[in-house]
Amino acid sequence: MANINIQQYAGIGQAAAIFGMFLPDNVEQYTNINVLSADMSVAASLDRYIYQNPDKFTEIGIAEQNLVGIAAGMASEGFTPIAVAQAAFITMRAFEMDRQYLGYMKNKVILVGLNSGFYLQYFGNTHYCLEDLAILRSIPNMTILSPADAGESVMAMDAALRHDGPSYIRLTGGSQAPTVYYNQCDFVIGKDIVLRDGFDVCIFATGACVGYSLQAANILSETYQIEATVIDVHTLKPFDTDTVEKVKNYPLLVTVEEHSIVGGLGSALSDFTSSQGGYPPIMKLGVDDIFSKPGDYDFLMAQHHLTPEAIVNDIYQKLKK
């Protein structure tokens, strides 16, 4: 792992941290990097990187299927491609290419999904990306990373660049996401991070919902004297079953994700616990299996009970039963 000054990324968006600051400052650490964009250079804050590394950037245009195909071809020739597009399109529109060229052929391409979850707000349901974890979890050999904030997104990119195989980095929350990491931690692909210890309930969270879950845990403690463990599940695949095996004694497990309740973190946890036996019930907090009424980010998160206050209420009502 690179020695990364995480504090400098606090309070900014994940894409800006990766492409606006980290890569321009560290591109020489890695072998044959080439960033490919599906007309996302401005949205991904790539201006500085492109200015400093014009020979290490390729603009494909709004053609996500071609983007993945070209990236796979470059990987087969010894490059380390980072393919950047809106999350909804690099996963859903390009699924066949992700499956065939990356999972099946094991080409080392790093897919970066911008604005996953609800962050495209008024663009509406066509642009909300709430299925990407479910889609890519189904592809063999695909590593899936879902960082909590800007600092962890940089650690995730470093880990993906050092990883041998295809990977997807899911970016959520934008600059509104609460800062979770002010210092570098031991970020290891497939190993969850326990951020808070408690004994009444165990919360597994991913992406921007990690910060919201920490806020919810503090409210639970201060208001109801309910102490929650909060676990950052930054890797959805491979899934860390070792950490799960340590929480059998909790009365309730909760998953919190800015993703459909079908096929994401809640499903990954349920898949494992249901095959083992002896685990407590799981409450899945995420996006309901419906199309949402468009609005701003806070409105959309509240619509699906993903604000800290709503998380608190749902957990408290469940524990009361």
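User: Is Asn141 buried, partly exposed or exposed?

Analyst: A quick word on the source: this is a predicted model, where local features need pLDDT of at least 70, side-chain atom pairs count only at pLDDT 80 or more, and totals for chains, interfaces and linings use all residues. Residues are numbered from 1 along each chain as its sequence is written, and side-chain values use heavy atoms, with hydrogens and water left out. Buried means under 20% relative accessible area, exposed over 50%, and partly exposed in between (1.4 Å probe, protein chains only). Asn141 comes out at 40% relative accessibility, so it counts as partly exposed.

User: What about the backbone: what is the phi of Asn141, and where does Asn141 lie?

Analyst: Most residues other than glycine have a negative phi, and most peptide bonds are trans. Asn141 has a positive phi, near 75°, and sits in the loop between H6 and strand E5 (143-145). Helices (H or I, at least four residues) and strands (E, at least two) are DSSP runs, numbered from the N terminus. Asn115 also has a positive phi, about 55°; its loop runs between strand E4 (110-114) and helix H6 (132-137).

User: Which residues does the cis peptide bond join?

Analyst: Lys237 and Pro238, with omega about 0°. Pro238 is in the loop between strand E10 (235-237) and helix H9 (241-244).

User: And is Phe22 buried or exposed?

Analyst: Phe22, in helix H1 (residues 14-26), is buried at 1% relative accessible area. Leaving aside neighbours within four places in sequence, its contacts (heavy atoms within 4.5 Å) include Ile4, Tyr30 and Met157.
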